[in-house]
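Let's take a walk through this two-chain model together. Please have the sequence and the coordinates open as you read.

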Amino acid sequence: MALIRWLGENDYSSPLDRMQREINRVFSSYQGGTRTAQHSGVYPALNVYDDGESFIVRAEVPGVDPKSIDIMVTGDTLNLQGERKLPELPEGASYHRREREAGRFKRAMTLPEQVDNSKVQASYNNGMLEILLPRAEQAKQRKVKVTVV
Amino acid sequence: MTDSEKKELELSQKKTIEHTDGEPTREGVMYVPEVDILEDADAITLLADLPGVSKDQLNIDVRDDTLTLTAGIEPSPTHLRPVYQEYELGGYRRRFSLGERVDQEKISAKLDNGVLTLVLPKMERVKPRKVEIS
């Protein structure tokens, strides 16, 4: 699972630092068959599900204009980017509390298998992004059953 | 380019609710939603991030000068096998004290793309008023 924290143009951390982070993340998160990553640090957090035919990737991205979301799929790699904009503070108004953040996001994820990028579908509902990624035919064919002669 | 366009969005861990006022009475994790609260001359506006919450699952309760947001989410369909999980699913709850300035009868709410906008209009008497000199 290649998850590289994207720090934009100002990524001064050394490759060694990044490798250390990656190793820590993998070892702290592996629990049996399902990997439960605590905190990849990259927005948005992704959950991946499998319905047998397809992978379903879900992300919590409230308040993001779906038109700003770009999804690119190549082979077994999902690339996701977009921007969350918050409304400008109206004139004469002031903040009492400000916990919500705005900004751009960019995220890549390697899927467990190759997917058919011509059949990928995405929907946005109640602030949740859902991407349906059907397995590639070739990936399906790779599963060969051994028949006992 | 504004600040928000330059900035990279960072992931913040969802905060679970600490049960300080009694034990939870139902199953499942509850999270504290992130909010912005802003005030202008006429009203206090509260924006809350509630991803995965539909209108039917959101409850806004106003009593004793306290506004309580409670939201549930749809559980994941059982035919989906989780392969990899970075976030946990759960409902949301958060309480706000309203104070005397808010006209509780006129509170309005809108849920759009997982963001709740609550408009809490101020009482007429606390709105700033310019006194004309005759």
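## Terms and ground rules

Two strands pair if DSSP finds at least two bridges between them. Strands (E, at least two residues) and helices (H or I, at least four residues) are DSSP runs, numbered from the N terminus.

This is a predicted model, in which local features need pLDDT of at least 70, side-chain atom pairs count only at pLDDT 80 or more, and totals for chains, interfaces and linings use all residues. Residues are numbered from 1 along each chain as its sequence is written, chains are lettered from A and ligands numbered from 1 in the order in which they are written, and side-chain values use heavy atoms, leaving out hydrogens and water.

## An enclosed strand in chain A

Let's begin with β4(A), residues 54-60. It pairs with β10(A), residues 128-134, in the antiparallel sense over seven bridges, and here Ile56(A) stands opposite Leu132(A). Five bridges link β4(A) to β3(A), residues 46-50, again antiparallel; Leu46(A) has Ala59(A) as its bridge partner. The hairpin of β3(A) and β4(A) has three residues between the strands, and Gly52(A) takes a positive phi near 100° there.

Ala109(B) has Leu118(B) as its bridge partner in β10(B).

## Where the chains meet

The contact (heavy atoms within 4.5 Å) takes 57 residues from chain A and 45 from chain B. The buried area, meaning the accessible area (1.4 Å probe) lost on putting the two parts together and summed over both, is about 4,700 Å², and carbon and sulfur atoms give 50% of it.

Eight salt bridges (a side-chain nitrogen of Lys or Arg within 4 Å of a carboxyl oxygen of Asp or Glu) are counted between the chains. One of them joins Asp36(B) and Arg100(A), at 3.4 Å from N to O.

Definitions and conventions. Buried means under 20% relative accessible area, exposed over 50%, partly exposed in between (1.4 Å probe, protein chains only).
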